[in-house]
Amino acid sequence: MSNGSAINRRMFLAGSSAAIGSSMVLPGLAAAAPGAMVSSAPAYGPLPGVAKLNANENPYGPSPAALKAMDAAMRKGAYYVNDSVTRLKAMIAERHGLTSEHILLSSGSSGGLTYLAQAVSGSGKILGPDLFWDTTSRMGTRQQGEIKRLPKASDLAINLAAMEDAISDDVAMVQITNPNNPTGMVLAPDELVMFTKRASKKTLVLLDEAYNELTDDPEANSMVPLVKQGYNVVVARTFSKIYGLAGMRVGYLIAAPETIEMISQYALGDYSLNQAGVAAAVASYDDEPFLAYAKAKVVEARGLISEGLAANGLSALPSSTNFMFVDLGKRSAEDFRAAMAQRNVLIRGIYRDYTQWSRVSMGEIKDVQQYVAALPSALDEIPEVAV
Ligand SMILES: Cc1ncc(COP(=O)(O)O)c(C=O)c1O
């Protein structure tokens, strides 16, 4: 097997988790073939020449300050976390005018989101739109409970009125991902505030704000103030996206102390956090120059992708995130994923039955250029199918 085809096989395995009905393998995690030799130096990121645009990471991170902090923390890696966790909770609480008791830190926001889904699934269903980042709710409802989905929306937007109507007595939580993943679209802030106030009188409302910092107006788009105002709301945030720390695994939930306590019944304690990740989060949290730089790169990349798509007769939904959801028209997103993988560009395949929609993340500018350069021949290769 040539080196090129070995890479392509790896990429195929990495992207195949996007297929309909696939389980929880994260993009980028490919199992070694049984009996394969384990190489002495693992790859910590994409292989050279590979544009990894399949997991909404921020390749500009970790920031210089985070790297320095991690170096110091790593040297004390013999010890479980302690002061750094207290510090991080206090920083987050202070920004929002809350207390540390309002914060639950976890290994990525996936940790807290899964604990939350487990916590509510005993008392009812989790209500969400047809298409949203449902990984943790699927995980949390494996033992009991289920996800109730709204009908497919033709514009792929979240229909808040329909969501409100669907809050029946058997719904234990409403889950809104805002901006949504994989669509990238953000809800109108005033409508979301009104919806959340009303809906949270009937049931718990979860706002997953993983991409909030990448929106045009993060403050207006955040529902954290509703926690302070006493509404029955949980907000999830992460250091995996704009902070560029996906591999360092730090995220958090913000909610009323009694809600945090309820979720904590299902959670591993703070000791489950890792010293270097927390150090990086503390060092990055207020690093405005780094955050502004990363955001500018995302905006630049979105511009390049939009231009590249237009030049090939395609378009994407309006994105407020570091990824775009591309309308392939009559082409299959799985065929497209495979054709792009042949060209060393990793993107996502089909989501549920949205067979003609393809998600691409904003990587480094060179990665995005590689995506754009690969478009004409990849598209040319794919047969058009009846929609
Ligand atoms: C909307 C959303 N929420 C949460 C997550 C989980 O990220 P993490 O566990 O790295 O914080 C993701 C990851 O892609 C996401 O897209």
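Me: A residue counts as buried under 20% relative accessible area, as exposed over 50%, and as partly exposed in between (1.4 Å probe, protein chains only). Why is Leu-156 called buried?

Reply: Leu-156 has 12% relative accessibility, so it counts as buried. The model is a predicted one, in which local features need pLDDT of at least 70 and side-chain atom pairs count only at pLDDT 80 or more, while totals for chains, interfaces and linings use all residues. Residues are numbered from 1 along each chain as its sequence is written, and side-chain values use heavy atoms, with hydrogens and water left out.

Me: Where is Leu-156 placed?

Reply: Leu-156 is in the loop between β4 (147-149) and α6 (160-165); helices (H or I, at least four residues) and strands (E, at least two) are DSSP runs, numbered from the N terminus. Leu-156 also has a positive phi of about 65 degrees, although it is not a glycine.

Me: Why is Arg-352 called partly exposed?

Reply: The relative accessible area of Arg-352 is 32%, and therefore Arg-352 is partly exposed. Arg-352 sits in the loop between β11 (345-346) and β12 (357-361).

Me: What makes Gly-313 exposed?

Reply: Its relative accessible area is 65%, so Gly-313 is exposed. Gly-313 belongs to the loop between α12 (288-311) and β9 (315-316).

Me: Why is Thr-215 called buried?

Reply: Thr-215 has a relative accessible area of 0%, so it is buried. This residue is in the loop between β6 (204-208) and α8 (218-221).

Me: Which backbone oxygen does the side chain of Thr-215 reach?

Reply: That of Asn-212, at 2.8 Å. A polar contact is a pair of N or O atoms within 3.5 Å; within protein, one must be able to donate a hydrogen and the other to accept it, and residues adjacent in sequence count only if both atoms are side-chain atoms.

Me: Which residues are the closest to the ligand?

Reply: Ser-110, Asp-208, Tyr-211, Thr-238 and Ser-240 are the closest of the 14 residues that surround the ligand; to be near it, a residue needs a heavy atom within 4 Å. The shell has four nonpolar, seven polar and three charged residues. For such classes, Ala, Val, Leu, Ile, Met, Phe, Trp, Tyr, Cys and Pro count as nonpolar, Asp, Glu, Lys and Arg as charged, and the others, Gly among them, as polar.

Me: How far does a polar side-chain atom of Ser-110 lie from an oxygen atom of the ligand?

Reply: The distance is 2.5 Å. For Arg-249, a polar side-chain atom lies 2.7 Å from a ligand oxygen. Of the 400 Å² of accessible area that the ligand has on its own, the protein covers 93% (Shrake-Rupley method, 1.4 Å probe; for residues, only the protein chains shown count as cover).
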